[in-house]
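Please open the structure in your viewer and keep the selection panel at hand. The stops below go from the whole chain to single side chains.

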Amino acid sequence: FLVLIRTYKNLPFYYGSPHHFCIYLKNKGWSINKILIFTVITSIILSSIAMSFLFNAISFLTLFILCLFFFIGWVLVIYV
């Protein structure tokens with residue numbers, strides 16, 4: 001999402017900008033520890049979903065639905 005935001009704003013994606021989700025969360029009052037825990041848990045969940053799909057434990061439709069729920073949750077955490 002960061003690359004998309006920077007592309008939309010005509011900023012090079014390899015330069016720093018204040019559009020990173022950690023900065024958004026920090027500006028919303030999250031502590032660094034909470035941001036770290038949120039990032040680790042999110043990574044574990046996404047890795048588990050990816051591995052489940054890789055080993056055919058979930059279908060493409062289930063993967064799509066999980067990604068949709070994740071996207072909605074992500075938007076709620078970042079922007080609300």
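Residues are numbered from 1 along each chain as its sequence is written, and side-chain values use heavy atoms, with hydrogens and water left out.

**Colour by confidence.** Start with pLDDT, the predictor's confidence in each residue, from 0 to 100. The protein chain averages 87, and 99% of the residues score at least 70. Select residues 2-8, helix α1, where confidence is lowest at a mean of 78, and then residues 32-54, helix α3, where it is highest at 93. Where pLDDT is low, the predicted coordinates should not be read in detail.

**Show the cartoon.** The protein chain has 4 helices and 0 strands, and from the N terminus on its elements run α-α-α-α; helices (H or I, at least four residues) and strands (E, at least two) are DSSP runs, numbered from the N terminus.

**Zoom out to the whole chain.** Along the principal axes, the C-alpha atoms fill a box of roughly 40 × 30 × 20 Å. The radius of gyration of the protein chain is 15 Å, whereas a compact globule of 80 residues would have one near 12 Å; this radius is taken over C-alpha atoms, and the globule rule is 2.2 Å times the number of residues to the power 0.38.

**Colour by accessibility.** Of the 80 residues in the protein chain, 16% are buried, where buried means under 20% relative accessible area, exposed over 50%, and partly exposed in between (1.4 Å probe, protein chains only).

**Select the aromatic side chains.** How many aromatic pairs does a search of the whole structure find? The search gives 5, and of these, the rings of Trp30 and Phe38 have centres 5.5 Å apart and planes at 80°, so the pair is edge-to-face. Rings of Phe, Tyr and Trp (its six-membered ring) pair if their centres lie within 6.5 Å, and planes under 30 degrees apart count as stacked, over 60 as edge-to-face and the rest as tilted.

**Finish with the cysteines.** Cys22, at 26% relative accessibility, counts as partly exposed, and Cys67, at 41%, counts as partly exposed too. A search of the whole structure finds 0 disulfides, a disulfide being a pair of cysteine sulfur atoms within 2.5 Å.
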